[in-house]
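Keep the sequence and the coordinates side by side.

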Amino acid sequence: MEDGPVNLREFQELAKRNLPKMYYDYFSGGAEDQFTLRENVEAFQRIMLRPRILVDVSKIDMSTTLLGYNMSSPILVAPTGSQQLAHPQGELATARAAAACNAIMVFKRRDVSATLLQRAERNGYKAIVVTVDTPRLGRREADEKNKMIIPRNSNLEGLISVDADLTGGSKLEAYASETLDPSLSWKDIEWLKSITKLPIILKGIITAEDARKAVDAGVSGIVVSNHGGRQLDYTPPTISVLEEVVKAVSGAVPVLLDGGVRRGTDVFKALALGAKAVMIGRPVVYGLAANGEHGVRSVIKMLQNELELTMALAGCPTLRDITRNHVMINHERPRSLL
């Protein structure tokens with residue numbers, strides 16, 4: 001019997017083997033030159049760890065809290081759409097495998113957003129994640145070549161209608177033109193706050209300027225994200241701007257990191273640079289495509305185990321023990337005099 005994956009890269013290889021090319025390209029691809037897509041992962045490799053020795057690490061505690069809720073680890077499932085392309089049970093399998101973050105986008109038609117918010121409240125959602133970096137759809141060349149077809153979203157049945165027979169380029173464009181709102185602005189965040197009592201988290205912030213505006217707007221949290229390199233190419237990798245955003249909010253709201261996390265060491269690095277938690281998107285989809293609900297559980301557990309080992313080897317028995325002094329970025333490395 002073939003052994004299972006031993007790291008997240010191997011889950012990606014299984015997903016590539018299991019999925020039709022169109023769907024694999026959709027999940028794995030990025031915008032235009034895919035520079036940001038690659039940098040999200042590679043930037044973590046430019047951060048070194050500075051472990052402490054002779055620390056009692058016989059017990060490792062990865063638990064934390066977010067918005068008043070207890071979590072067993074600082075690893076969350078990122079809002080990821082169209083999961084039924086990866087597995088027939090889609091988001092249901094993912095939700096059963098983990099306490100997934102629940103997300104909506106602000107739709108062009110405000111009545112649609114309001115309806116989805118009401119559904120979220122009725123169904124016990126704990127927070128709303130609003131993706132704010134998609135006024136228009138980024139140009140994803142693989143989807144154009146594949147003439148990617150967006151599946152029907154059962155959550156939107158009866159609310160919007162998208163012509164599934166449009167031809168030419170990616171058929172995602174038709175969906176995007178109907179659902180995304182290029183006029184979205186800060187006043188819409190005020191509107192969202194006025195129609196829900198749920199905490200609102202903004203996902204898609206990568207600058208100190210926008211982070212401060214988010215705090216002023218009264219949001220409950222920020223996700224540092226560039227949409228997995230799928231929107232505007234040549235934006236910086238999220239781990240490289242995390243510290244800038246953390247300093248800008250000065251502890252006013254929790255800051256989460258999304259993008260490029262593939263190892264427990266990546267989670268550790270993000271926490272050391274000030275993240276309250278991290279979100280994983282593509283790895284979850286790859287686990288789903290590889291082995292459904294069990295695959296998602298395996299991906300999450302694998303990252304948790306890697307983080308636990310990293311904490312032990314770095315001399316950090318709790319998340320509170322992880323500090324900025326535990327990491328060193330390229331430009332901070334001492335140069336040899338030899």
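**Salt bridges, helices and core**

Arg139, Glu141 and Glu144 are joined in a network of salt bridges. A salt bridge here is a side-chain nitrogen of Lys or Arg within 4 Å of a carboxyl oxygen of Asp or Glu. The structure holds 8 salt bridges.

The model is predicted: local features need pLDDT of at least 70, side-chain atom pairs count only at pLDDT 80 or more, and totals for chains, interfaces and linings use all residues. Residues are numbered from 1 along each chain as its sequence is written, and side-chain values use heavy atoms, with hydrogens and water left out.

Turn to helix α2, residues 21-28. Helices (H or I, at least four residues) and strands (E, at least two) are DSSP runs, numbered from the N terminus. In α2, Asp25 and Lys21 lie 4 residues apart, about one turn of the helix. Their side chains meet in a salt bridge, at 2.6 Å from N to O. Asp25 is buried, with a relative accessible area of 15%. Lys21 is exposed, at 55%. Buried means under 20% relative accessible area, exposed over 50%, and partly exposed in between (1.4 Å probe, protein chains only).

Helix α12 holds another pair. Glu293 and Arg297 form a salt bridge, 2.9 Å from N to O. They are separated by about one helical turn, because they sit 4 residues apart in α12. Glu293 is partly exposed at 24% relative accessibility, and Arg297 is partly exposed at 39%.

Which residue forms a salt bridge with Glu243? The partner is Arg324, with the closest N and O atoms 2.6 Å apart. This pair links distant parts of the chain, 81 residues apart: Arg324 is in the loop between α12 and β11 (327-329), and Glu243 is in helix α10. Arg324 is partly exposed, with a relative accessible area of 24%.

Now look at helix α4, residues 90-97. Its buried residues are Gly90, Ala93, Thr94 and Ala97. They lie on the same side of α4, because they cover an arc of only 95° around the axis. That arc is taken over the directions from the helix axis to the C-beta atoms. These buried residues pack against β4 (75-77) and α12 (282-314).

Next comes the interior. A nonpolar core is a set of buried Ala, Val, Leu, Ile, Met, Phe, Trp, Tyr and Cys residues joined through side-chain atoms within 4.5 Å. The largest such core has 73 residues, of which Ile222, Ile239, Leu242 and Leu257 touch the most other members. Its largest share, 14 residues, comes from α12. Apart from it lies another core of 11 residues, among them Leu66, Met71, Val129 and Ile201.

Contact means heavy atoms within 4.5 Å. Beyond four places in sequence, Leu257 touches residues including Phe44, Val224, Ile239, Leu242 and Ala277. Ala277 belongs to strand β10, residues 277-280. Ala277 is buried, with a relative accessible area of 0%. Leaving aside neighbours within four places, the contacts of Ala277 include Met71, Pro74, Leu76 and Leu271.

Finish at His227, which carries the annotation "active site" in an unreviewed UniProt entry. UniProt positions are given in the numbering used here, feature names are shortened, and annotations may be inferred rather than shown by experiment. His227 is in the loop between β8 (221-224) and α10 (238-249). At 13% relative accessibility, His227 counts as buried. Its side chain makes a polar contact with the side chain of Asp133, at 2.9 Å. A polar contact is a pair of N or O atoms within 3.5 Å; within protein, one must be able to donate a hydrogen and the other to accept it, and residues adjacent in sequence count only if both atoms are side-chain atoms.
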